[in-house]
Amino acid sequence: MIKVAVDAMGGDYAPAEMVAGAVAAVNANKGIQVLLVGKEQIVSEELSKHQYQKEQIQIVNASEVIETEESPVNAIRKKKDSSIVVGMNLVKQKEADAFVSAGSSGAILVGGQVIVGRIKGVERPPLAPLIPTEKGVSLLIDCGANVDARSSHLVQFARMGSIYMEHVMGIKNPRVAIVNIGAEEEKGNVLVKETFPLLKECEDINFTGSIEAREIPRGGADVIVCEAFVGNVILKLYEGVGATLIGKVKSGMMGSLRSKIGALLVKPALKETLKSFDASQYGGAPLLGLNGLVVKTHGNSKAVEVKNSILQCVTFKEQGINDKIRESLKSVNEGSKE
C-alpha cells in the first residue's frame, strides 16, 4: 500500500478541503493509505464527517502550523512539530512515500531540500506543474522554486521534465522547448542564449528550440523550460485568463432568454471542453530532484485538487521517477568524464 502524508493544516481551506480530498482519494483507490498530519483533535473532528475505510486514513499529530507570512528558513528551523516538518520527516524516514501540502510555498521549498534532501547531482529542484493545452497537457518547469537559475539548472530541468512526461504521462520522446521572446536562436536574454546551445547538445532529450508564450496553450511543446520568475508569471497569467474566460462565457450565456436556451443545447459539450482546461484535475506541482516525493498544491486548493495530487503520487511511485532521474544524472556525469 502506497502511503501519502498530507498536510491537513496547510492552505486557505484547511483542514476541511484537505481532509475531504484525502477521503475522496482513498475511496477512489484502495491501494492508498493517507497520513493526515496536523492538530489531532481538529483533524479528527473534520474526519468524523466522512465515510471511508478506517485502515486507509491515519492521523499523525503535529501541534504547530507554519503560516505563509513567516520566514521559510526560520519556520523550518524553529517549528519542528509543524505539519510541514513532521510530514517531510515521514518521507525522509521512509514512513511515507510522498508528502502533499497546500501550505507555505517557501517552507515547502526549503523543507524539501533541507529535510528530504536532493538527489546526488541535482543542483536545484524545480517545481513542475502540468498545465492544460489544446493537445492535452504540458509540463512547466520551473514555476516557482528557482528565480535566479543558471544555464546548467535549466539543462537539468529539461532532463527531469522529459523523464516525468515520458514515464508519468506516457508521452514518448517528449518535445522540449525553452521559453523565449522569439523563435530565432539569437533572441532572448543572457540566460536563454547561454542555455540554448547546451540543450541542443543534449542527445538524451528531444530539444525543439524556442517557444513563444502564445504557443504554450496550443501545445507547442511537452516540456516547457524556464527559470521560476518567467514560469510563475506564465502560470498565474494562464490561471487568470482561464478563470476570466470561463466567467465571461457563463455570464454571456445567461444574458438573455435566447442565450439561455442556447446554453442548454451546448451545455454538455461546453462542460467537457471547460473541464479539459481545469488545471485542478492534474493535481499539484511535484518538486523534482529530491530523495522523496514532495507535491505542492495551490494555496486555494479544494478537495478535487487535493484528491488528484494524492492519486498523482501513486503513478510517481510506481514508475520510480526518482530512480530514473538518479540514473539519468549518473549516466550524464559518467559521460562527461570520458
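Six strands make up an open sheet with mixed pairing, in the order 3-2-1-4-11-10 (strands are DSSP runs of E of at least two residues, helices runs of H or I of at least four, both numbered from the N terminus; two strands pair if DSSP finds at least two bridges between them). The model is predicted, so local features need pLDDT of at least 70 and side-chain atom pairs count only at pLDDT 80 or more, while totals for chains, interfaces and linings use all residues. Residues are numbered from 1 along each chain as its sequence is written, and side-chain values use heavy atoms, with hydrogens and water left out. The chain has 11 helices and 11 strands.

- Strand 2 (residues 32-38) and strand 3 run parallel and are joined by five bridges.
- Leucine 35 has glutamine 58 in strand 3 as its bridge partner.
- Helix 4 (residues 83-92) packs on this sheet and touches strand 1 (2-7), strand 2, strand 3, strand 4 (98-101) and strand 11 (293-296) (contact means heavy atoms within 4.5 Å).
- The direction of helix 4 makes about 160° with that of strand 4 (axes are lines fitted to C-alpha atoms, for helices over the stretch in contact, and angles run from 0 to 180 degrees between N-to-C directions).

- Five strands form an open sheet of mixed pairing, ordered 5-6-9-7-8.
- Its edge strands, strand 5 (130-133) and strand 8, each pair on one side only.
- On average, neighbouring strands in this sheet are turned by 30° against each other, direction ignored.
- Three bridges pair strand 7 (residues 175-179) with strand 9 (residues 223-225) in the parallel sense, and valine 176 stands opposite valine 223 in strand 9.
- Helix 6 packs on the sheet, where it touches strand 5, strand 6 (136-141), strand 7 and strand 9, and its direction makes about 150° with that of strand 6.
- Helix 8 (residues 228-253) lies across strand 5, strand 6 and strand 7, at about 50° to strand 5.

**Salt bridges**

- The structure holds 12 salt bridges (a side-chain nitrogen of Lys or Arg within 4 Å of a carboxyl oxygen of Asp or Glu).
- Aspartate 204 forms one with arginine 159, with the closest N and O atoms 2.6 Å apart.
- This pair links distant parts of the chain, 45 residues apart: aspartate 204 is in the loop between helix 7 (190-200) and strand 8 (206-211), and arginine 159 is in helix 6 (residues 151-167).
- Arginine 159 is buried at 14% relative accessible area, and aspartate 204 is partly exposed at 41% (buried means under 20%, exposed over 50%, partly exposed in between, with a 1.4 Å probe and protein chains only).
- Arginine 214 and glutamate 215 form another salt bridge, their closest N and O atoms being 3.9 Å apart.
- Salt bridges that share partners join Glu212, Arg214, Glu215 and Arg218 into one network.
- Lysine 79 is bridged to glutamate 70, with 2.8 Å between the closest N and O atoms.

**The whole chain**

- Buried residues account for 48% of the 338 residues.
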